[in-house]
Amino acid sequence: MSYLIDPAGKWWRWPSLALAAKFGRDEADIDIPAYALRNLGYVWLINQPEASFLQFRAGMVSERQIAMLEPVLHEARPGRPVALVYFASGWTEEVHADAALLPGRLRQLAVLREPRQRDLFIRHGHAEDDWRRHASPALARLFALWREQGGRLTARVQDFLRSSGLEQRTVLVGRPAARDALHVLRSGTDFTLYDSFIMDRLNGLPLAAQPDRAYGQWVVAAYEAVEQTGNPALDDIDAIVEAPDHDPRRRRYQRLLLPWRDEDGNPRFTGTSLLKPDLAIPFDLAS
């Protein structure tokens, strides 16, 4: 059983169609509890047989939320561990055996100014055979089709992108002229990387011209590496993006970058991404 507690102290049982409708979000395309705690200041209480978990964002916990949690924490079974999992430019975990002491710890974290605890953009690249065991079936099929077509961007590839639903999660990238920067030639509309920006607004513009310019440059570097080597990039991504006037958002996804030649022989590149909120990249594997 789990609950979300809003900043005013109201409890919402999760899953909740009413809460999903309140956010105007499709749970299939966004991790609603994670979005609520990172961006809106909700606290997520998860009760499991072995322990309880409190997830929240440091610096965004209200006194009302703590007051609503205090009776629950004081009534917790002695010795039952409670884990605090909080976001502070990265995720930190603490395990406490005495739940009665947690309101004090929550008040400390409620005013914490976020430190920089991790790189903003983390990539774990996979070798081909390894990645195919972990990739989503749709991305694995697209990769197999790229090999089958010899890297030619044929009508069959376009048909597959449409029929599989990947077309709306794929960006087509190229250089309008040889010396131009990489531009977005066409983008699907199902990217939810930013709160108020859809990637198809970049159609005809440089790939780097994203609301989070640092993230945009990081993405460009990945495409340029594929352009230089001619090899695909099979990556798990854990990125914290920040658009102007919006809180940072953590996005975890699998990304497949592929180099192609179109019918006129022009080099083209596709980036296809699928959200994977449960993705975990060990820091010692990140690059």
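This is a predicted model: local features need pLDDT of at least 70, side-chain atom pairs count only at pLDDT 80 or more; totals for chains, interfaces and linings use all residues.
**Entry 1: the cis proline**

I started at Pro-15, which sits in the loop between strand 2 (11-14) and helix 1 (17-23). Helices (H or I, at least four residues) and strands (E, at least two) are DSSP runs, numbered from the N terminus. The bond joining Trp-14 and Pro-15 is a cis peptide, with omega about 5°.

Residues are numbered from 1 along each chain as its sequence is written, and side-chain values use heavy atoms, with hydrogens and water left out.

**Entry 2: helix 7 and what follows**

Which residues of helix 7 are buried? For helix 7 (residues 155-164) I noted Val-157, Gln-158, Phe-160 and Leu-161. Buried here means under 20% relative accessible area, exposed over 50%, and partly exposed in between (1.4 Å probe, protein chains only). Down the axis of helix 7, the buried residues fall within an arc of 160°, so they line one face of the helix. That arc is taken from the directions from the helix axis to the C-beta atoms. An α-helix has 3.6 residues a turn, so residues three or four places apart point the same way.

I then checked the partners: the buried residues of helix 7 pack against helix 6 (137-148), strand 8 (170-174), strand 9 (183-187) and strand 11. After helix 7 comes Gly-165, with a positive phi near 85°.

**Entry 3: Arg-169**

Arg-169 is in the loop between helix 7 and strand 8. Is Arg-169 buried or exposed? It counts as buried, because its relative accessibility is 8%. I looked for polar contacts (a pair of N or O atoms within 3.5 Å; within protein, one must be able to donate a hydrogen and the other to accept it, and residues adjacent in sequence count only if both atoms are side-chain atoms). The Arg-169 side chain reaches the backbone oxygen of Asp-190 at 2.6 Å and the backbone oxygen of Ser-273 at 2.8 Å.

**Entry 4: the largest cavity**

Ser-273 turned up again here. The largest cavity has a volume of about 250 Å³, and 19 residues line it, with Phe-191, Leu-193, Tyr-215, Tyr-253 and Ser-273 nearest its centre. Helix 8, strand 11 and strand 12 (267-275) each give two or more residues to that lining.

For the rule, I used a 1 Å grid over the protein atoms alone: a cavity is a set of points where a 1.4 Å probe fits but cannot get out, a pocket is an open set with protein on both sides within 12 Å along at least five of seven lines, and lining residues have an atom within 4 Å of a point. Grid points are joined across faces, edges and corners, and a volume is the space filled by probe spheres set on the points. I get four cavities of 30 Å³ or more by this rule.

**Entry 5: the second largest pocket**

The second largest pocket holds about 230 Å³ of space. Its lining has 17 residues, and Arg-123, Ala-222, Ala-225, Ala-233 and Asp-235 are the closest to its centre. Strand 7 (121-125), helix 8 (213-229), strand 10 (233-241) and strand 11 (249-261) each give two or more residues to the lining. Helix 8 has the largest share, six residues.

How values were computed:
Contact means heavy atoms within 4.5 Å.
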